[in-house]
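Visitor: I would like to learn how to read a few local features. Please start with the general idea each time, then the case.

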Amino acid sequence: MLPREHAATLHLGYCGNDWRDVLPRITVPTLVIGGAVSLIPANVAEGVAERIPESTVRILSADEKGSHLMFWENPELFNAVVSDFIGTGTVK
């Protein structure tokens with residue numbers, strides 16, 4: 001577990017900055033995961049993926065428990081998607 005003060009610093013640094021200019025400079029294989037019923041609309045994940053060269057996007061559906069906490073609510077699928085991407089560079 002991350003100490004609270006470091007978690008707060010990380011959270012503020014992430015949420016308090018506009019990272020859109022950084023996304024096109026990412027040069028490693030990148031998986032962007034979103035959820036159809038997340039508090040963050042799926043089109044945000046799709047927009048992020050569009051800005052990262054050769055990235056892959058996977059939106060989990062409502063039936064797949066594609067909420068903001070998909071990794072918690074459907075860890076088997078979430079882990080399978082991530083493992084698939086790490087192993088093959090693609091997702092199902």
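Guide: Start with exposure. Buried means under 20% relative accessible area, exposed over 50%, and partly exposed in between (1.4 Å probe, protein chains only). Lys65 is partly exposed, with a relative accessible area of 46%. This is a predicted model: local features need pLDDT of at least 70, side-chain atom pairs count only at pLDDT 80 or more, and totals for chains, interfaces and linings use all residues. Residues are numbered from 1 along each chain as its sequence is written, and side-chain values use heavy atoms, with hydrogens and water left out.

Visitor: Where is Lys65 found?

Guide: Helices (H or I, at least four residues) and strands (E, at least two) are DSSP runs, numbered from the N terminus. Lys65 sits in the loop between strand 2 and helix 3 (70-73). Its phi is near 65°, a positive value in a residue other than glycine.

Visitor: Is Glu54 buried or exposed?

Guide: Glu54 is exposed, at 79% relative accessible area. Its loop joins helix 2 (42-51) and strand 2 (56-60). Phi of Glu54 is positive too, near 55°.

Visitor: Which residues does Thr30 touch?

Guide: Contact means heavy atoms within 4.5 Å. Not counting residues up to four places away in sequence, Thr30 touches Ile52, Ser55, Thr56 and Phe85. Thr30 is buried, at 14%.

Visitor: Which residues form the largest nonpolar core?

Guide: A nonpolar core is a set of buried Ala, Val, Leu, Ile, Met, Phe, Trp, Tyr and Cys residues joined through side-chain atoms within 4.5 Å. The largest has 5 residues: Leu23, Val32, Ala45, Ala49 and Ile52.
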